[in-house]
Amino acid sequence: MGQPAQTDSLLVIERVNKHFGALHVLKEVSLRVAPGEVVVVIGPSGSGKSTLCRAINRLETIDDGTITIDGAEIPSEGAGLATLRADVGMVFQSFNLFAHLTVLENVTLGPIKVRKLSKAAAEERALVLLNRVGVANQAQKHPAQLSGGQQQRVAIARALAMEPKLMLFDEPTSALDPEMINEVLDVMIGLAKDGMTMIVVTHEMGFARKAAHRVVFMADGEIVEDTTPSEFFDRPNSPRAKEFLSKILTG
Amino acid sequence: MGVISGNLPLYLQGFGTTLFLLLITTVIALPLGVVIAAMRISPIASLRTSAAVYTEVLRNTPLTLVFFFEAFVLPKLGTRLDFEVGAIVALTLYTAPFFAEAIRSGINSVPVGQAEAARSIGLGFTQTVMLVVLPQAIRSVIPPLVNVIIALTKNTSVASGFFVFTLVSAGQRLASANGDQVIAVLVGVAVFYVIITIPLGRFADWFEKRVAVTR
Ligand SMILES: Nc1ncnc2c1ncn2[C@@H]1O[C@H](COP(=O)(O)OP(=O)(O)OP(=O)(O)O)[C@@H](O)[C@H]1O
Ligand SMILES: [Mg+2]
């Protein structure tokens, strides 16, 4: 996939550090993501991928450095922070659909309460999105009645309903049975094709090759490589990336 | 048993006061408990600490001591409460932390991912608590809340030592006037308590079963 036209970055992460106690989880991490760009983040367990994602919508605080979205630095609390989070969609490994609400209510809650849409308008849009991810016929069910793949697609629709500028995916297919992985990846590939800016933590190489503009390889809290998917998978530079790839390839 | 039917008005007077204390205290202490529980999970450290201190102090103080404090210390500070108002204040101060703890344990039973998902779509702290966490916590919170209300029903009897005419006061007056029928008098008192507490317990059981089915 070709590089999108180089414009001002939508997301700028500059020299971010994060500790958990004595553990240095993010070390001077810097990353720029342009509008429409799809970045896959890959790396061994514990390398800080989730922490980076969570820091971007401030589910996790950072020690120093800056994270700027669309020109505005992330506020540390209050209404500004809520607004920022509304602009950044997040899809979790464990779906985290609201268990007490129906599928439709899951998707309309944010638009009604945060975007102040009328219930009718929110439902109309929610149904369009649920249709797009292929679960419109489940709208009146509760999350527990859906398969994992269906739940994750609802979670994507819930995030999209906020019309985010940026979508974060933290291992969206890792909790899924193998036969359900593709239905979720297909939705994500569709989003990427439509020009959504996405940061995706995943080990799904097929997705990275098909949909990503860049692959960022993290190890021990550092960004070790930042390159194109084919470069990364076919000609990794660093010893750590080579070792990591040989491990996931031999399974 | 004639002593019961013969003195029904007195029993009913005590029963009415007990019920009144119970209802008013619940109506004030329950929202207060919600606020304390919310403070204990709030992002602001000073709120968390003050709520925790309040909870620990009141939960570990005998209720009678709270009444004594009001009856003897407040007048020294120049404040004097009407006996019934004083009883309601003491019962509320004492019961709110128990409500708060019941609510907090229910909140803790909701997976953190629920609150994270709520925050990630832009809901603020209050919206996250009210729209996502509490509705799910309610399921596990109702049975312990009912237990607190049952304990409160019995705790209202402490007020009778502080010039409020509750069921127990009715029992005391009738017992001293009818020394030969003390047992019947006391059984009568117990029956009136049971009229309140058994339906509450039944409700908790019913709710638990209903939730078990719909979950
Ligand atoms: N809340 C926390 N408290 C303490 N340590 C944490 C916390 N969250 C993560 N860590 C630690 O920080 C490090 C980075 O964690 P992170 O979840 O970002 O890794 P990851 O790259 O997403 O790993 P995985 O592939 O297993 O999901 C790990 O060593 C982890 O144990
Ligand atoms: Mg992770």
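Modeller: Let's start with terms: helices (H or I, at least four residues) and strands (E, at least two) are DSSP runs, numbered from the N terminus. Chain B then reads α-α-α-α-α-α-α-α-α along its sequence, which comes to 9 helices and 0 strands. Its C-alpha atoms fill a box of roughly 70 × 50 × 20 Å along the principal axes.

A word on ground rules: this is a predicted model, where local features need pLDDT of at least 70, side-chain atom pairs count only at pLDDT 80 or more, and totals for chains, interfaces and linings use all residues, while side-chain values use heavy atoms, without hydrogens or water. Residues are numbered from 1 along each chain as its sequence is written, with chains lettered from A and ligands numbered from 1 in the order in which they are written.

Now the contact (heavy atoms within 4.5 Å). Chain A gives 21 residues to it and chain B gives 15. Together they bury about 1,600 Å², 61% of it on carbon and sulfur atoms; buried area is the accessible area (1.4 Å probe) that two parts lose on being put together, summed over both. Arg85(A), Phe98(A) and His100(A) supply 33% of what chain A buries against chain B, more than any other three residues.

What about charge? The rule finds 1 salt bridge across this interface, where that means a side-chain nitrogen of Lys or Arg within 4 Å of a carboxyl oxygen of Asp or Glu. Arg54(A) pairs with Glu116(B) in a salt bridge, with the closest N and O atoms 2.7 Å apart. On chain A's side, the elements giving two or more residues are α2, β6 and α3 (103–113). By class, that side has 12 nonpolar, 4 polar and 5 charged residues; Ala, Val, Leu, Ile, Met, Phe, Trp, Tyr, Cys and Pro count as nonpolar, Asp, Glu, Lys and Arg as charged, and the others, Gly among them, as polar.

So where does β6 sit? In chain A, an open sheet of 6 strands runs β6-β7-β8-β3-β9-β10, with mixed pairing; strands pair if DSSP finds at least two bridges between them. β6 (88–91) and β10 (222–227) of chain A are at the edges with a single partner strand each, so one side of each has no neighbour in the sheet. Helix α2 (residues 78–87) of chain A lies across β6 and β7 (166–170), at about 65° to β6(A); axes are lines fitted to C-alpha atoms, for helices over the stretch in contact, and angles run from 0 to 180 degrees between N-to-C directions.
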